[in-house]
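Me: I'd like to go through this structure and ask what stands behind the labels. Can you take them one at a time?

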Amino acid sequence: RPVSWPVVTERPAAVMRLYDTLSGGVRDFAPLRPGHVSIYLCGATVQGLPHIGHVRSGVAFDVLRRWLTAKGFDVAFIRNVTDIDDKILTKAADAGRPWWEWAATYERAFSAAYDALGVLPPSAEPRATGHITQMVELIERLIERGHAYAGDGDVYFDVASLPDYGKLSGHKVEDVHQGEGVATGKRDQRDFTLWKGAKPGEPSWPTPWGRGRPGWHTECVAMCEAYLGEQFDIHAGGMDLVFPHHENEIAQAEAAGDGFARFWLHNGWVTMGGEKMSKSLGNVLAIPAVLQRVRAAELRYYLGSAHYRSMLEFSETALTDAARAYTGIEDFLHRVRTRVGAVVPGEWTAKFAAALDDDLAVPAALAEVHAVRAEGNRALESGDHDTALNRAMSIRAMMGILGADPLDERWESRDETSAALAAVDVLVHAEVKRREDARARRDWAEADAIRDRLKQAGIEVTDTADGPQWSLIDGTDK
């Protein structure tokens with residue numbers, strides 16, 4: 001395996017390109033096995049309730065998975081669960097609960113959050129505690145090859161034994177700080193822990209070096225290779241994992257002689273006031289709390305609307321704007337269905353496909369969705385129902401790839417509200433058509449009278465470039 005992968009500057013048609021953190025540039029993506037894509041996503045450390053920062057990676061890489069599947073690939077998607085960790089043990093002990101119960105409780109909370117946001121279940125969701133044997137075997141290989149050593153009941157990776165350590169993050173070996181604190185068994189404080197010797201009262205497993213539990217960086221390497229093999233296509237996760245977690249994963253895999261991940265993809269943080277959202281900052285927005293303010297589909301739209309590599313600065317205004325944009329798409333589809341008939345998913349547009357092929361550029365893809373919606377609105381209001389239906393079908397296809405098709409049965413939960421709005425739309429459309437006819441006759445008094453009657457009924461009509469649009473006085477655009 002080469003130390004770094006070449007960055008291709010010319011783009012052949014219809015080739016997907018992805019930004020690879022290791023090479024530091026956008027490269028053409030082709031899977032290791034034709035027709036099959038293997039992806040590993042670092043999942044949750046189940047220490048507490050999930051907030052929107054936690055699930056952004058789930059949404060971002062769910063779009064990647066859906067697009068690859070739509071392009072005809074068979075996708076193996078692995079997302080792990082870290083169910084043994086210092087923080088889990090500490091929080092469980094503070095609460096007076098068994099560690100395994102604590103982990104299981106919050107694993108269910110994360111599963112519920114992913115499901116609420118329409119994130120597809122992974123092909124497999126391995127737990128760290130279920131792969132101790134594979135971790136022990138990996139550590140034994142590293143010791144045999146001279147890259148790891150035991151000390152005071154722990155086992156450590158010898159960072160200096162790997163000449164190109166730091167190539168993912170750009171860290172220089174002399175400046176490395178693992179954040180583990182001082183340990184008496186370490187030969188060099190830059191080394192990182194592969195196995196932690198057992199402490200009184202902590203869970204432990206038997207190994208050749210005594211009882212203990214795994215280090216965080218070891219578990220993902222073992223699970224990646226157990227499910228996807230010694231080399232696979234894509235390793236994904238949050239940008240906060242680049243160092244030390246992913247750097248140390250590469251170190252172990254390469255020291256063991258394995259090719260490991262061919263592409264490294266990292267999503268940006270959700271921030272508040274420019275700071276990463278985290279429990280320690282006290283700026284957490286738990287999923288259940290946010291879903292009291294917007295619907296799940298609207299939250300998914302918001303979390304997926306920015307480019308996956310960019311920071312997403314949270315604000316109530318941004319969340320409200322995203323919800324309004326989603327509702328606009330949703331209501332266009334409802335109007336077409338009411339006036340024209342059933343709307344089934346059609347074909348996405350070439351611009352939409354080009355956007356997603358360009359390093360998963362969702363903002364450009366959504367711009368195309370809204371452009372098609374504008375065309376559909378104009379066609380619908382002019383009576384061109386064939387064009388309106390065609391555009392609606394295309395929107396369903398595109399929004400389905402983004403995991404937020406409003407007419408998908410999982411999202412269509414408006415029930416009585418949706419039916420009532422559909423009935424209102426029929427009546428309002430007739431009045432708006434009368435107003436347009438009056439304006440065409442230059443009968444301004446009649447046009448104004450119709451507009452005023454609608455306003456008294458709580459409906460406001462606005463003339464736009466896409467034709468007249470109506471909205472409830474509370475501001476919900478239709």
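Predicted model: local features only at pLDDT ≥ 70, side-chain atom pairs only at ≥ 80, totals over all residues.

Me: Which helix is Met398 found in?
Reply: Met398 sits in helix H12.

Me: What makes Met398 buried or exposed?
Reply: Buried means under 20% relative accessible area. Met398 comes out at 0%, so it counts as buried.

Me: Which residues does Met398 touch, leaving out those up to four places away in sequence?
Reply: Met398 touches Trp348, Thr349, Phe352, Glu368, Val369 and Val372. For Glu368 there is also a C-alpha separation from Met398, 9.1 Å, although the two are 30 residues apart along the chain.

Me: Where is Asp405, and how do you know whether to call it buried or exposed?
Reply: Asp405 lies in the loop between helix H12 (385-401) and helix H13 (416-440). Its relative accessibility is 6%, and the limit for buried is under 20%, so Asp405 counts as buried.

Me: What does Asp405 touch?
Reply: Not counting residues up to four places away in sequence, Asp405 touches Tyr326, Leu333, Arg396, Met399, Gly400 and Trp411. Its C-alpha atom is also 8.0 Å from that of Ile395, ten residues apart along the chain.

Me: Why is Arg66 called buried, with a relative accessible area of 18%?
Reply: The cut-off is under 20%, and 18% falls under it, so Arg66 is buried. Arg66 belongs to helix H1 (residues 52-70). With residues up to four places away in sequence left out, Arg66 touches Gly118, Leu120, Arg300, Gly400, Ile401 and Gly403.

Me: What makes H8 mostly covered?
Reply: Nine of its ten residues are buried. Those buried in H8 are Ala296, Ala297, Glu298, Leu299, Arg300, Tyr301, Tyr302, Leu303 and Gly304.

Me: How do helix H8 and helix H9 cross?
Reply: The axes of H8 (residues 296-305) and H9 (residues 316-339) come within 8 Å and cross at roughly 110 degrees. Angles of 65 to 115 count as roughly perpendicular, so H8 is roughly perpendicular to H9. As for handedness, H8 passes H9 in a right-handed crossing.

Me: Which residues meet where H8 and H9 pack?
Reply: From H8 there are Ala297, Glu298, Leu299, Tyr301 and Tyr302; from H9 they meet Ala318, Leu319, Ala322, Ala323, Ala325, Tyr326, Thr327 and Ile329. By type, the contact of H8 with H9 has eleven nonpolar residues, one polar and one charged.

Me: Which residues of H4 and H5 meet?
Reply: Gln134, Met135, Leu138, Ile139 and Arg141 in H4 meet Thr218, Glu219, Val221, Ala222, Glu225 and Ala226 in H5. The contact of H4 with H5 divides into six nonpolar, two polar and three charged residues.

Me: What makes S1 and S2 a pair?
Reply: Pairing takes at least two bridges. Strand S1 (residues 17-20) and strand S2 (residues 25-28) have four bridges, in the antiparallel sense, so they pass. Arg17, for one, has Asp28 in S2 as its bridge partner. S1 and S2 form a hairpin with four residues between them, and Gly24 in the turn has a positive phi of about 75 degrees.

Me: Why do S12 and S13 stand at the edges of their sheet?
Reply: The sheet is open, with three strands in the order S12-S11-S13 and mixed pairing. Strand S12 (275-276) and strand S13 (312-313) each have a single partner strand, so one side of each is left without a neighbour in the sheet. As for S11 (residues 270-272), its pairing with S12 is antiparallel over two bridges, and Met272 has Glu275 in S12 as its bridge partner.

Conventions. Residues numbered from 1 in each chain as written. Heavy atoms only, no water. Buried < 20%, exposed > 50% of the residue type's maximum accessible area, 1.4 Å probe, protein only. Contact = heavy atoms within 4.5 Å. Axes fitted to C-alpha atoms, helices over the stretch in contact; angles between N-to-C directions. Parallel < 35°, antiparallel > 145°, perpendicular 65-115°, else oblique. Left-handed = near helix turned anticlockwise from the far one by under 90°. Nonpolar A, V, L, I, M, F, W, Y, C, P; charged D, E, K, R; others polar.
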